[in-house]
Structure formats: C-alpha cells, structure tokens
Amino acid sequence: REFYGCVTLNNISLGSETISSEAFMGCIALNTIQGSKVTAIYDNAFDGSGLISLSSTHFPTLESIGRDSFANCTSLGAVSLPGVRTSGSGSFANCTSLTDASIPLVGAVSDDMFYGCQSLETVDFNGKAGVSGAKSIGAGAFHGCLALVSVTFNHVTSVGIVDEDVS
C-alpha cells in the first residue's frame with residue numbers, strides 16, 4: 001500500500017522487479033507508469049487507478065499479474081502485454097473504456113478476467129513464436145462485454161474451468 005490513495009500522483013518510474021498488492025490502488029490521477037524491470041504485479045496493485053494504456057513499453061519484462069491488478073481502471077483503453085504468462089481472476093474487471101487487449105502468451109483466461117468491460121471489442125490470446133496461447137477460459141471471463149466482436153485463440157481445450165497450473 002505504498003502509494004494507496006495518492007490522488008494527485010500522475011507519473012511514476014520504477015526500478016523494482018515487483019509491484020506489491022494495493023501499491024497504487026485508488027491513484028486516480030496516475031496515467032503513466034514505467035517499470036522496466038517489473039516481472040510481477042500483485043493483487044489490486046492498480047485497482048481504480050487512472051492508467052490510460054498498458055504495453056510492453058511500460059512493462060517490457062512483465063510475466064505475471066495478480067487478481068484484480070487493473071480492475072476498475074475506467075480510463076484504461078488498450079492493453080498489449082506480450083510477455084505475460086499468468087493472470088489472476090478479475091485482472092481487468094470493470095475497465096469500462098477498454099476496447100482492445102492482446103495477451104498472447106497467457107496460459108489461461110482467468111475467471112472474470114474482463115468482467116464488465118462493456119467497451120471491449122477485440123481480444124488476442126493467440127500465442128506467438130511457437131508458444132501456444134490460452135488453453136482455457138474461466139467462468140465469467142467476458143461477462144458484460146457488450147461490444148465484443150472478436151476473440152482470437154487457437155489452443156483452448158476447456159471453457160468455464162481454469163486450470164490454475166496452466167502457464
């Protein structure tokens with residue numbers, strides 16, 4: 001909870017390898033972050049923050065995001081995290097401005113991953129460079145995604161049940 005509720009914080013650059021639970025929760029003005037060494041983001045780390053986009057430019061080494069890490073980020077419009085392999089439940093839940101997401105290496109689309117993302121149109125879990133993408137889709141993963149037009153994945157073997165050991 002290092003910066004929990006810092007409502008005027010708008011930009012941060014981190015040299016750490018992890019971002020702890022609730023570290024930036026409620027930082028509504030935080031719209032830019034740079035985490036060049038971050039490999040893991042823990043539960044609720046950015047819940048309710050003002051982030052606008054997430055990409056490998058922001059987190060070039062990111063591999064894991066925890067439960068509700070970016071939930072309720074209502075300004076978040078796009079996500080492109082090509083190195084992420086694991087994602088906790090509800091990781092992008094209620095990101096109402098999110099329109100596009102690409103997380104090609106994630107092993108499982110977690111429960112409620114995009115729950116309530118009413119503007120979400122396209123999602124890519126297709127894998128890359130010989131690594132398969134999502135193998136399972138969890139319960140409620142796309143519940144309330146009213147604008148959803150396209151979801152791409154070629155390796156799904158189960159729907160509604162997430163194997164927590166898939167990576």
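In the predicted model, Asp43 has a relative accessibility of 25% and therefore counts as partly exposed, since that category lies between the buried limit of under 20% and the exposed limit of over 50%. Arg67, with a relative accessible area of 38%, is likewise partly exposed. The side chains of these two residues are paired: Asp43 forms a salt bridge with Arg67, in which the closest N and O atoms are 3.1 Å apart. This pair connects distant parts of the chain, as Asp43 lies in the loop between strand S4 (40-41) and strand S5 (53-55), whereas Arg67 belongs to the loop between strand S6 (64-65) and strand S7 (78-80), the two residues being 24 residues apart.

Arg67 also takes part in a salt bridge with Asp68, for which the N to O distance is 3.5 Å. Through the partner that these salt bridges share, Asp43, Arg67 and Asp68 are joined into one network. A search of the whole structure returns 2 salt bridges. With regard to the charged side chains as a whole, the chain carries 6 positive and 15 negative ones, and the centres of the two sets are separated by 7 Å.

The secondary structure of the chain consists of 14 strands and 0 helices, so that, when read along the sequence, the pattern is β-β-β-β-β-β-β-β-β-β-β-β-β-β, with strands and helices assigned as DSSP runs. The radius of gyration of this chain is 15 Å, close to the 15 Å given by the globule rule for 167 residues, and the chain is therefore as compact as a globular protein of that length. Taken along the principal axes, the box filled by the C-alpha atoms has dimensions of roughly 45 × 30 × 25 Å.

Of its 167 residues, 44% count as buried. Among the contacts in the chain with a separation of 6 or more, 36% are accounted for by residues 24 or more positions apart. The accessible surface of the chain amounts to about 7300 Å², and carbon and sulfur atoms contribute 49% of this area.

Terms used
Residues are numbered from 1 along each chain as its sequence is written. This is a predicted model: local features need pLDDT of at least 70, side-chain atom pairs count only at pLDDT 80 or more; totals for chains, interfaces and linings use all residues. Side-chain values use heavy atoms; hydrogens and water are left out. A salt bridge is a side-chain nitrogen of Lys or Arg within 4 Å of a carboxyl oxygen of Asp or Glu. Helices (H or I, at least four residues) and strands (E, at least two) are DSSP runs, numbered from the N terminus. Buried means under 20% relative accessible area, exposed over 50%, partly exposed in between (1.4 Å probe, protein chains only). The radius of gyration is taken over C-alpha atoms; the globule rule is 2.2 Å times the number of residues to the power 0.38. Contact means heavy atoms within 4.5 Å. Accessible areas come from the Shrake-Rupley method with a 1.4 Å probe; for residues, only the protein chains shown count as cover. Lys and Arg count as positive and Asp and Glu as negative; His and the chain ends are not counted. The place of a charge is taken as NZ of Lys, CZ of Arg, CG of Asp or CD of Glu.
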